[in-house]
Amino acid sequence: MEATVRLLTGHPIPEGARLADHVLTTCPPERAEGLQRRARAALGPAPAAAELEQALPAGTTHVDGTVEPLASWLRVWDWSPVLTAPLLEGFGPLLAAVRRLRPAGPPDPRAAQPPIPLRHTVALAEEELLDLAAAASPLEAAAALAAAEDTGADGYAIVLHRLVEADPAAWSADVPAVLTALNRAELGAFYLAATANTAHRPGALPAGPAPAARAALHLRRTLPAPVPGQPTPTVVLFADQALFDLLTLVWRTGTDLAEDLTPALEHLHTLATPLTTPANPPPAPDPGPDTTALADDADPHDESLAPTPAGNLPGSDPAVRALSCLLEYAAAQVRTGTPIPGDVLDLVARALAARSGEEALTTALGVALPFLHRHATEFTAAHPGLYALTPGRPTPAAAWLYWGGYDPLLLTALGPRPLLDAVRANLPGADRHLAHTLLTRTGDTDDFLGDPQAAWTELAAPPDGAPAASRLLAALAAHTPHRTRPGDTPPDPATHHVLAAAAQWWTAALDADLPTGALAAAGDFADTALDDTVWLPLARRSAAHTPAQTRPGDIAERAAAHPHESDALLLTAHLLTRSALASWHDIEVRAQARTLLLAADAQSAPEHPAETEQLRLALVEAGEVDLARTTSTTS
């Protein structure tokens, strides 16, 4: 029984799950009650509805399962195939919410097989090759690799990676010579991929990236094309990786490929061309005068004309990476004052027409969207789908929100209403970009969305408005400067504007009469650099509106430093609301509340007797009954 209880505090392993299943199902009746009580304590309490909605809001597709309390709840999900019905009592809503993200359900941990380490053993020892390269030269080590009895084995990919990583400058000093010594396409591909991976290291590629890129291009063009439907050979995978990385480095550094530029571009166009063919071509319509339509007459905003998302290209697919590489070339051309090549824009247009639903394609275009928005204005104006934010459908704009850096110009092009809708639909990154814009626009923080109070009201409108408002509030707090600690760098004076904007938007949320739960994430402001005279009243109003605040322990700790402030006393009393406080925060909040109350009681003349007694009552109702006996003159 002891082992079972300890096992339930961690994630299940096959042997442990089988033991727990045996103990839980065969426990003698006289000991079952005690086992169930201790097992339930090990699993932790079931989440309240408000907590569950905050951690796993409806419609979410991405969650961080490593942070509490979600990490503990997911542990119950992992154990659920083994747990008995009494142990799962109260966890039904949690299991249903997680099942929306994982429709297949939790795997049975009793049947799982322990992972078996996969080792690629090779004839030559890595340590011997490291010594040989250091004592003689990389060329000697390369010759030894070429002469090995199992030369070209996949295991040498790791060996060459570690060899090059140990001394990038020496291994990349003469790339053609090393390739000649390796004398095999497989070893050459492994070596070039490792060289590209270490190109950022000091002293690497002393002759520049052009010789390595030329070698990678020559090697890749000598390899046979992959057979459709068959696994891509390892040598091709590594050769592609090396070529894309090295060409990207060439163009980002402004290196001249000279006569090899045209073959490189032709090769990339050849690789990217499959993106212009639909993965599942639609059936041809029946000919007839009533069904014929010209492409120029189509409404670009009509999503029914867009191809159905088809295929599942990975981001590492050669076609996608080739397109990304061509966009890098276009950016390099713009930096020299040359317009974006028309054949690159034509390729993008045809790929959008054929596979606009491919997430890998839209991600590649989303990363390049700020560049295209600035330097290909006619093209982007002719393809409004680049800027679409459609929940449940991959688009370049949605990919930029998730992966891209802040770009006020592009954000303005998306528009305030579509961005608010994206926050409400919980498109990843939308709240982050919007929060950054609201906090950093100098002098006109309310211009992007108009009146702040009206914007909050619009965002929090049902359905799903309260969680959306809470997410934006959390994003605002995350982008607000945090409190400094002793020894930290003093805050930049420019942060005063950001702090003022944060207080403005937080106040507007409080004044907007939002639905219950919309202010839950106001607790995230507990660690911000807002002055206590600003933070305390806003935090008190937020807790009065939504007692189930995030980071209640941090709120209580900050409030406990102000026993002379009525807002601190009332704020802490709101946090102690039993229906709002989760058990894992209960002890911490009560401890801070006791400290605050005792400090308030220690005053010779209580400054806020009514608020002090309200906090005392909240503590007593929370279980701190000893505080009912007091010598306070207000008792």
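Author: Happy to start with the salt bridges: the rule gives a count of 19 salt bridges. This is a predicted model, where local features need pLDDT of at least 70 and side-chain atom pairs count only at pLDDT 80 or more, while totals for chains, interfaces and linings use all residues. Residues are numbered from 1 along each chain as its sequence is written, and side-chain values use heavy atoms, with hydrogens and water left out.

Reader: What makes Arg-110 and Asp-108 a salt bridge?

Author: A salt bridge here is a side-chain nitrogen of Lys or Arg within 4 Å of a carboxyl oxygen of Asp or Glu. The N to O distance for Arg-110 and Asp-108 is 2.8 Å, so the pair passes the 4 Å cut-off.

Reader: Why is Arg-110 called partly exposed?

Author: Buried means under 20% relative accessible area, exposed means over 50%, and partly exposed is what lies in between (1.4 Å probe, protein chains only). Arg-110 has 23% relative accessibility, so it counts as partly exposed. Asp-108, at 30%, gets the partly exposed label too.

Reader: What about Glu-126 and Arg-162, and why does that pair tie parts of the chain together?

Author: Their closest N and O atoms are 3.0 Å apart, a salt bridge again. Glu-126 lies in helix H7 (residues 126-135) and Arg-162 in helix H9 (residues 156-166), so the pair ties together parts that are 36 residues apart in sequence. Helices in this account are DSSP runs of H or I with at least four residues, strands are runs of E with at least two, and both are numbered from the N terminus. Glu-126, at 18% relative accessibility, counts as buried, whereas Arg-162 is partly exposed with 42%.

Reader: What makes the link between Glu-328 and Arg-252 a polar contact?

Author: A polar contact is a pair of N or O atoms within 3.5 Å; within protein, one must be able to donate a hydrogen and the other to accept it, and residues adjacent in sequence count only if both atoms are side-chain atoms. The side chains of Glu-328 and Arg-252 come to 2.5 Å, so the distance falls inside the 3.5 Å limit. Glu-328 lies in helix H16. Leaving aside residues up to four places away in sequence, Glu-328 touches Thr-248, Trp-251 and Arg-252, where contact means heavy atoms within 4.5 Å.

Reader: How many aromatic pairs are there?

Author: The count comes to six aromatic pairs. One of them is Trp-171 with Tyr-191, at 6.2 Å centre to centre and 50° between the planes. The two are 20 residues apart, with Trp-171 in helix H10 (residues 168-171) and Tyr-191 in helix H12 (residues 185-197). Trp-171 is buried at 2% relative accessibility, and Tyr-191 is buried at 0%.

Reader: Why is Trp-506 with Phe-525 called stacked?

Author: Rings of Phe, Tyr and Trp (its six-membered ring) pair if their centres lie within 6.5 Å; planes under 30 degrees apart count as stacked, over 60 as edge-to-face and the rest as tilted. Trp-506 and Phe-525 have centres 4.3 Å apart and planes at 10°, so stacked is the label. Trp-506 is in helix H26 (residues 495-511) and Phe-525 in the loop between H26 and helix H27 (532-545), 19 residues apart. Both Trp-506 and Phe-525 are buried.

Reader: Which residues of helix H22 are buried?

Author: In helix H22 (residues 416-424) they are Leu-419, Leu-420, Ala-422, Val-423 and Arg-424. The helices they pack against include H20 (396-403) and H25 (465-478).

Reader: And what does the chain as a whole contain?

Author: It has 31 helices and zero strands. Buried residues make up 46% of the 635 residues.
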